[in-house]
Amino acid sequence: MADAHDTHESEVVLPEPDKGELWGMMGLFDTPADLYHAAEELRDAGYKGLDAMTPFPVHGLERALGLKPTPLPFLVLGGGAAGLASGIALTWYVNYDYALNISGKVPFSWHIYIPVYFELTVLLSALTCFFATWALCKLPTFFHPTMRHKSFPRTTDDGFFLTVDATDPKYDSASTRKLLEKLGAKEVEEVHS
Amino acid sequence: MATSAPVTPGDTPGTRAKLVLGQPTFKTVNEDIASIVESKPTPKYLLGLMFAASILLVMVGSLVKLVYSGVGVWGLDNTVFWAWDITGFVFWIGIGHAGTLISAILFLFRQKWRTSINRAAEAMTIFAVMAAGIYPAFHVGRVWLLYWVFPVPNQMSMWPNFKSPLLWDVFAVSTYATVSILFWYLGLVPDLATIRDRAKTKLRYLIYGILSLGWRGSHRGWLSYEKAYLILAGLSTPLVLSVHTVVSFDFATSVVPGWHTTIFPPYFVAGAIFSGFAMVITLMIVARKVLGLEHMITIRHLENMSKIILATGSMVGYAYAIEFFIAWYGAVEYERYAFLNRMFGPYWWAYWSMVSCNVIFPQLFWFKKVRTSIPALFAISIVVNIGMWFERFVIIVTSLHRDYIPSSWTYFTPSIWDISLFVGTFGLFLTMFLLFCKFLPVIAASEVKGVMPQADPHGDDHHGKDEEAHAHG
């Protein structure tokens with residue numbers, strides 16, 4: 001199956017590389033462990049703009065990369081609070097606008113609206129969670145400079161990339177490349193947008 | 001220590017059966033899952049799809065007849081005003097529960113075996129909820145006025161009744177459908193990116209490129225992504241329990257003997273999980289064989305699901321017993337009659353079908369031989385689904401057909417349109433499921449890779465060793 005796959009000429013060709021602004025450097029590793037150790041070395045060497053590209057989340061890698069935790073939980077909390085508030089406002093307004101007398105219950109008997117409050121809280125939390133995640137990942141996008149690396153398709157298969165942003169103050173084409181290669185990275189390339 | 005690929009199906013207490021059999025690498029996992037999407041559909045698949053689509057047409061025809069002639073085409077009357085329609089609704093909603101349970105609750109409990117079945121089970125949830133939605137949508141009679149169930153501002157100041165469980169149902173089911181789709185899609189994105197990166201044709205690159213939102217597995221992305229997955233799992237857990245709770249309120253808040261009981265919410269939720277897992281087993285047994293995924297959806301997965309069926313089946317049996325006890329102990333004449341009538345009245349056959357399918361047959365799962373036999377699993381899973389349909393039928397019809405006034409007693413018989421619509425919903429469900437199997441990755445590749453031993457950054461890449469042999473530090 002694999003061989004048949006590789007012999008087919010691909011129609012998918014991205015535009016010529018090295019035309020735009022420098023994005024950063026990418027180095028390929030074969031195992032999560034190699035990537036992990038290399039990331040620790042770069043972090044300890046003082047690099048701040050580190051990231052990795054992996055086929056699955058490598059747990060604990062954020063420590064090796066020196067990344068900050070995601071603010072997502074706070075955004076979801078906000079979404080949930082808005083959901084609960086909208087539920088209370090909706091049930092209150094509807095009964096103020098047109099009070100239905102159902103078996104003599106008072107118009108705004110909040111206990112009976114608990115299912116509605118609960119569902120709206122969950123709904124708005126989930127919507128916030130979903131859309132905020134993509135916003136935090138800077139998605140959707142159809143193109144990213146890293147896609148120019150010829151082994152990019154391996155990131156969703158079995159390749160483990162370590163990337164360094166060009167905006168990192170320590171970034172230097174020659175020395176960063178040398179360090180990555182010393183740590184065992186293969187196919188070290190600079191990519192441009 | 002089990003060293004090389006044990007084909008022994010079960011778990012021994014010391015070393016568990018592996019989640020992925022054989023000598024998998026990250027590449028073979030990709031290859032096995034993506035090649036299903038990339039290969040041309042086989043004649044068998046097309047035949048299956050045509051079969052499912054023709055049943056779907058039965059549903060379309062039944063709905064056309066229903067809208068054209070009105071709800072009167074069903075076998076309902078003044079006494080039995082709910083029957084096959086609500087039975088079908090509760091049946092399908094119940095089946096939907098397993099997907100969210102596997103994807104959310106088992107995730108929170110760190111049950112790693114869920115990874116190879118969660119995607120298909122979540123898809124099944126969404127299609128089951130779609131099939132369920134058909135019933136209330138068309139039962140309103142004028143389906144084009146369906147939007148009236150939502151609180152849409154209008155010049156008449158007309159609002160739905162927020163004090164009714166039927167309105168809670170609208171909120172619960174629509175929230176459930178939305179959150180299930182979001183959760184499913186979130187999980188799909190990394191695997192859609194895999195298909196994009198393997199694409200050899202421009203069209204496939206474009207379609208999966210758009211669907212995957214440009215995902216590239218950046219760790220900054222994975223950080224938010226994993227947190228989002230955890231949060232959605234946390235949100236879905238109470239949500240899945242609330243949905244069938246609210247569905248049971250449709251009955252429990254009424255004053256009909258046989259419905260008016262407080263045991264309904266937990267009893268309905270247990271029954272929903274019970275039927276949902278049965279449906280997952282039925283579909284997975286077929287899918288693993290047809291799609292050649294037997295090394296990823298292993299006997300261990302099927303056996304674990306049969307244990308959940310055994311547990312929830314026993315809960316359901318307990319609920320049947322306690323309902324009777326409370327009816328007797330409560331000493332309300334009407335309640336007592338309703339339950340005796342259920343057992344020995346004109347619908348005795350439905351009641352005893354339900355008890356044998358739901359309480360007796362699943363008890364066979366106490367035996368490991370039964371839990372690890374594919375034919376036995378397949379047969380019992382179908383029996384459970386039949387039993388759960390009967391459960392809803394028994395609850396709904398036997399409680400209604402003899403109400404407080406003997407002069408209005410009646411015996412419900414379904415019309416041909418009741419039957420054709422229910423059969424047709426299976427067409428919708430199967431068609432959607434078959435399309436899903438062909439066009440989307442049926443197994444969460446990125447999650448399966450994550451539970452493989454070589455995924456651990458602190459391990460030293462022992463290919464093919466037992467997963468428990470080097471538990472990570």
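This is a predicted model: local features need pLDDT of at least 70, side-chain atom pairs count only at pLDDT 80 or more; totals for chains, interfaces and linings use all residues.
**Exercise 1.** Describe how α8(B) and α9(B) pack, and decide whether they are roughly parallel or roughly antiparallel.

Solution. Two packed helices are described by the angle between their axes and the distance between the axes. Start with the angle: for α8(B) and α9(B), residues 299-329, it is about 150 degrees. The axes of the two helices are 8 Å apart. Angles over 145 degrees count as roughly antiparallel, so α8(B) is roughly antiparallel to α9(B). The crossing of this pair is left-handed. Last, sort the residues in the contact of α8(B) with α9(B) by class: 20 are nonpolar, four polar and two charged.

**Exercise 2.** Find which strands stand at the edges of the open four-stranded sheet in chain A.

Solution. Write down the strand order, which is β2-β3-β1-β4, with antiparallel pairing. β2 (50-53) and β4 (186-192) each have a single partner strand, so these two stand at the edges and one side of each lacks a neighbour in the sheet. From one strand to the next, the twist averages 25 degrees. Now look at one pair: β2(A) and β3(A), residues 160-165, are joined in the antiparallel sense over four bridges. Within this part of the sheet, A:A52 is opposite A:L162 of β3(A).

**Exercise 3.** State which helix gives the largest share of the lining of the second largest pocket.

Solution. The pocket has a volume of about 940 Å³, and 32 residues line it. In chain B, α2, α8, α13 and α14 each supply at least two lining residues. The largest share, eight residues, belongs to α14(B). By class, the lining has 24 nonpolar, five polar and three charged residues. Among those nearest the pocket centre are B:L283 and B:F433.

Technical notes
Residues are numbered from 1 along each chain as its sequence is written. Chains are lettered from A and ligands numbered from 1 in the order in which they are written. Side-chain values use heavy atoms; hydrogens and water are left out. On a 1 Å grid over the protein atoms alone, a cavity is a set of points where a 1.4 Å probe fits but cannot get out, and a pocket is an open set with protein on both sides within 12 Å along at least five of seven lines; lining residues have an atom within 4 Å of a point. Grid points are joined across faces, edges and corners, and a volume is the space filled by probe spheres set on the points. Ala, Val, Leu, Ile, Met, Phe, Trp, Tyr, Cys and Pro count as nonpolar, Asp, Glu, Lys and Arg as charged, and the others, Gly among them, as polar. Axes are lines fitted to C-alpha atoms, for helices over the stretch in contact, and angles run from 0 to 180 degrees between N-to-C directions. Angles under 35 degrees count as roughly parallel, over 145 as roughly antiparallel, 65 to 115 as roughly perpendicular and the rest as oblique. A crossing is left-handed if the near helix is turned anticlockwise from the far one by less than a right angle, and right-handed if clockwise. Two strands pair if DSSP finds at least two bridges between them.
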